[in-house]
Structure formats: C-alpha cells, structure tokens
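The sequence and structure come first.

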Amino acid sequence: MAAWVLLALAPVAAGAMFGFASYYGDHMVLQKEPAGAVVWGYGELGATVTVVLSGAGGLVVMKKTARVKGPSGTWTTVLDPMDQGGPYALTAGQGSENVTLRDIYFGDVWLCSGQSNMAMTVLQIANASQELAAAARYPYVRVFAAAPARSNVELDDLERIDLPWSIPTAENLGHGNFTYFSAVCWLLGRYLYEALRYPLGLVEAAWGGTPIEAWSSPRALRACGLLGDAESISPQQQLSGPQTPSVLWNAMIHPLLNMTLRGVAWYQGEDNAFLHTDRYNCTFPALIADWRQAFHAGSVGQTELLLPFGFVQLSTYRQQGPADSFARLRWHQTADLGVVPNARMPGTFMAVAMDLGDEHSPYGSSVHPRDKQNVAHRLQLGARAVAYGEKNVIFQGPYPTRAVLEVTRGLLNITYSQELVWRRRDMRAFEVCCSSPPSPCGWLPAPVVAVESRRVTLALAGCGGLVLALRYAWAEWPCDYQSCVLYNSWGLPAPPFLLDALAAGETPGRSQPAGGREMLLLPGSWFSRGI
C-alpha cells in the first residue's frame, strides 16, 4: 500500500508530471445531480487538459477542458450534473499523455470523520463475521480511507492513503483494529443504500484520541476565542502530535475541500470530555459552519452551503464515573439546546448513543462500544429525514414540551413530544434543582410516579414548591444497554437534557391548568451558576 501511495504522489512532488489528484481512482463514486462533481489534478503549467466522461462502448457523454494554473500546477473542472448510475470511464488528457479511471459511478458521497469510535473497523464490532460476509452484497457502496496524517500548514492534497477507492470486501472492511474501514461509516452507507437504491461513496478521514481543536481550522478556533496554537489554547496541558490545534484540518480535511459532497457524519467528543469541555458548545457549531463554508467554496459552489451534518452523541465511559463531563459534553453537542436541528445548528441530525454502553468491550475500554449497528441505524434515520427530506421518518426520541407543577401534591407533570415507552421503572433518571442562585444547584432525585401516553409524572419529595431546573439522564453512564427509562414507539431513546424551569406567570390569553402551575422549560443555563 505504501508503494502505491508513493507512486501516485510522485508526479505531485516532481511538479511536472500529469495525473489526477490522489483521491480519484478506479471504482470511485462521484456526486450525482443536482450538483456537479469537481474533478482536479496536476499538469504542466499553462497546458490545456481535456477531461472526457465516456459510457458503455466508449460513447462520449461529456467533454471538458481546463488550463493548468500556477503556482500549484493544478487543473480543475466541474462535470455537468449526472444522474445516478454507471459504470463510466473518466479520462484526462494533456498533449500525448492520458490517464483513465474506470468503473466510475455517480451517486451520493459522504465524508465520515472523527476519532476512535469512527475509526473502529467492521472487524471490531458486534457480529463482525456476519457483517464482513455481507460486504459482497453491496458492490455499489464504494469505500475510500485517507491515512492518519498531520501538518502544520494547509495541504492541497492527501499525503497518504490507507485504502484507495475500492469495492467492499471482508478484507478491506476489516483490515485491522482502528485502521479501515470505519464500521459506522460503512453501516451508514449500507443502510442508506438499502433505502435509496443507488451508489454511495464513503470517504473515511478519522484518527483516534483526537480533540475537536485538531480538526478545526484557525478560522473556526478564532470564532470561539481560541487563537489556534498549543500555548494559547491550553496553558494547563501541552498539546502535541495529532492533538495540536488544526493539524488534522490541515492534512486530512483541507485536501478534500474540492470534493463535491452530499453529507458529513461525525463521531468525536470523547477527548473533549477531558479537554475544554465547556467550550464545545462553541467549537462544535463553529466547526460545522466552517466546514460547510470551506467545502462550498472549494467545490466552486457544488457542495451545498447547508451541507447536511450528522453526528453521534457520546455513548458511555465508566459505569460508576463520578464526574459529569460526559453529560456536559452531550449537552454541548447540541449547542446547549437539547435536540437538533436547532437555530444554532441548522441542517444537522444526531444519533443518541448513551444507551449503547459496552462494559466489556475489549478495545481499550468501555468508551469503545461494539454496537455500531444501532448507531448507524439512528444516523441513517436522521440522514433520511434531514438530508433527503423524507417526511414520515421518525429520527428523534421524545423531548419535553411542557411542565405543570402541582404544588399541593408535590408532583411535576412533564408533557413530551411523542408517545412514550417506559422501559425501566426502577431507575432514577430525573433530577430537580431546588436551590436558589447563586448557590450551587442542589440536585435531588425525582422518582417517576407514572407514565401515560405523552406524560411523565415526577414526585418532588424534599423540593417543595421551588423547582428551578430539571435534568434527565445526566450521568457518565446513564443506563445499561438499551435500558434507559424513556423511549418512543420506534425504539429511539429520549435524549438527555438540562432545562431551567421558570413559572409561566399570568400570560394574556393563557389560563393556568386546574390544580397546578405551568412552568416554562428553557435550555439550561446552570453552567454559569455552578452545577
């Protein structure tokens, strides 16, 4: 593999030879209509390059020309939007030189990025042997993996490739632990293919043990008050290697910006549960916005500006972990609004994974759960609803919409957005805060008394009539495997939340419910008050 990469990049280093950029190759998928696929490569300065797309029997489908420009010695063209399907041949010619890529298909291209839970391969997951054996049934889901690499400057092309564009096999989906190919990425693509029935191209760019700052451009870091260097970003902890700010953006994301994409899947955050946790409510939305702008510009406007961006909310770590950093990080992954898409994170979708803990995972620790099938299933529901606009796809679990406090009975009735399934009746997942600011919040358990249709009733013993905040599943390990308290009828868990509870007061045109006092549920601001 190393020889293949060195050979492919030799013309680049020489600056005079001719060819496609590193991540174009046989078996690749290019983005279908309505966007045009961007194609680029290297050539002799000032030369004219002719790009020809041909179908069966060599029939020319389209022809494009581009001039090689300096100082990088690159040429770029945008193909006309193409319907799904193939196979095609793509030929680039410069003078007497020609390079042809074969078995090219048009479909949707998804980028999968993040840290070790994205890098976990199909070999490492539950039912791995069956999943690997199934690879041969999906020849139109093509895979590509960039090699882990870092750089102190923005690179225009990948330095190394772990897996060139390939038809999936058991060998290339399960090359080894934390290498290639990403199980979450593969399963997401496979499930989408089963729903869409046209080709999918999956691009993996992941590196375990890396914080979001390493994947962020200096622009995105500055937007959050971070200057983008190791000294200013973490005076208490010296960052190095792949944890250094922007080094993975430079080497693994910036080279891909010319690629026309349909969407992004992201699984990252475990490192930030221990590093700049309470900055994640800025750094994550900033990364999303910055990547969208960069891919839109890099593809000459072909990648849509509101590029669909899906992510996995953190799973679990330690079963008796005393800290709440994982809970805070999960909340920050939604920009402190609880569910997505929202005003700060439009065009996004989230797979809740806090109920997929794996205490006996053999891969380092329980931070690497083996059930990636449910993760990918929940992601593809979000992709179908948000990216593909399927109206009848339920992709979110139930979330609170209203609360009524019955002071005399010491009860809090919470109305949810969906029908509820009360899966575990012996768990104390709800807590209420009964302290007054600026005192630290005194969180007390609020046992579930009843669950009816869309309503949960909590007992407020010890809290009296003063309820200032409410939280759910606020723990490093909120529940055992698929055993959280609340789900919807489709098996999706209610996400964790932290909500301020304020008296609604007398609002014109709104009457208070009989026997109770309505509370306004607002996204929690208790981080600034000392939770």
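Helices (H or I, at least four residues) and strands (E, at least two) are DSSP runs, numbered from the N terminus. By this count the protein chain has 12 helices and 25 strands. The model is predicted: local features need pLDDT of at least 70, side-chain atom pairs count only at pLDDT 80 or more, and totals for chains, interfaces and linings use all residues. Residues are numbered from 1 along each chain as its sequence is written, and side-chain values use heavy atoms, with hydrogens and water left out.

**Overall**

Buried means under 20% relative accessible area, exposed over 50%, and partly exposed in between (1.4 Å probe, protein chains only). Of the 531 residues in the protein chain, 60% are buried. Accessible areas come from the Shrake-Rupley method with a 1.4 Å probe, and for residues only the protein chains shown count as cover. The protein chain exposes about 20,200 Å², of which carbon and sulfur atoms supply 52%. Contact means heavy atoms within 4.5 Å. Among contacts between residues at least 6 apart in sequence, 73% join residues at least 24 apart.

**Cores and helix H10**

A nonpolar core is a set of buried Ala, Val, Leu, Ile, Met, Phe, Trp, Tyr and Cys residues joined through side-chain atoms within 4.5 Å. The largest one has 120 residues, and Trp291, Phe430 and Tyr472 touch the most other members. Helix H10 (residues 280–298) gives this core its largest share, seven residues. A second, separate core of 48 residues includes Val122, Ala135, Tyr191 and Leu379.

Leaving aside neighbours within four places in sequence, the contacts of Tyr472 include Met354, Phe430, Cys484 and Phe497. Asp290 lies in helix H10. With a relative accessible area of 10%, Asp290 is buried. Again leaving aside neighbours within four places, Asp290 is in contact with Ser217, Arg219, Ala220 and Trp249.

**Strand pairing**

Two strands pair if DSSP finds at least two bridges between them.

| Strands | Sense | Bridges | Example of opposite residues |
|---|---|---|---|
| E4 and E5 (residues 60–67) | antiparallel | seven bridges | Val52 and Lys63 |

Five of the seven residues of strand E4 (residues 48–54) are buried, so E4 is largely enclosed by the rest of the structure. The hairpin of E4 and E5 has five residues between the strands, and in this hairpin Gly57 takes a positive phi near 70°. In a regular strand the side chains alternate between the two faces of the sheet.

Strands E1, E3 and E6 form an open sheet in the order E1-E3-E6, with antiparallel pairing. Strand E1 (19–20) and strand E6 (74–78) stand at the edges with a single partner strand each, so one side of each has no neighbour in the sheet.

**Surface patch**

Patches are made of residues with over 30% relative accessible area and no salt bridge; like charges are joined within 9 Å, and nonpolar side chains (Val, Leu, Ile, Met, Phe, Trp, Tyr) within 5 Å. A salt bridge is a side-chain nitrogen of Lys or Arg within 4 Å of a carboxyl oxygen of Asp or Glu. Leu502, Leu520 and Leu522 form a nonpolar patch on the surface, with about 220 Å² of accessible area together. Leu502 belongs to strand E24 (residues 497–503) and counts as partly exposed because its relative accessibility is 39%.
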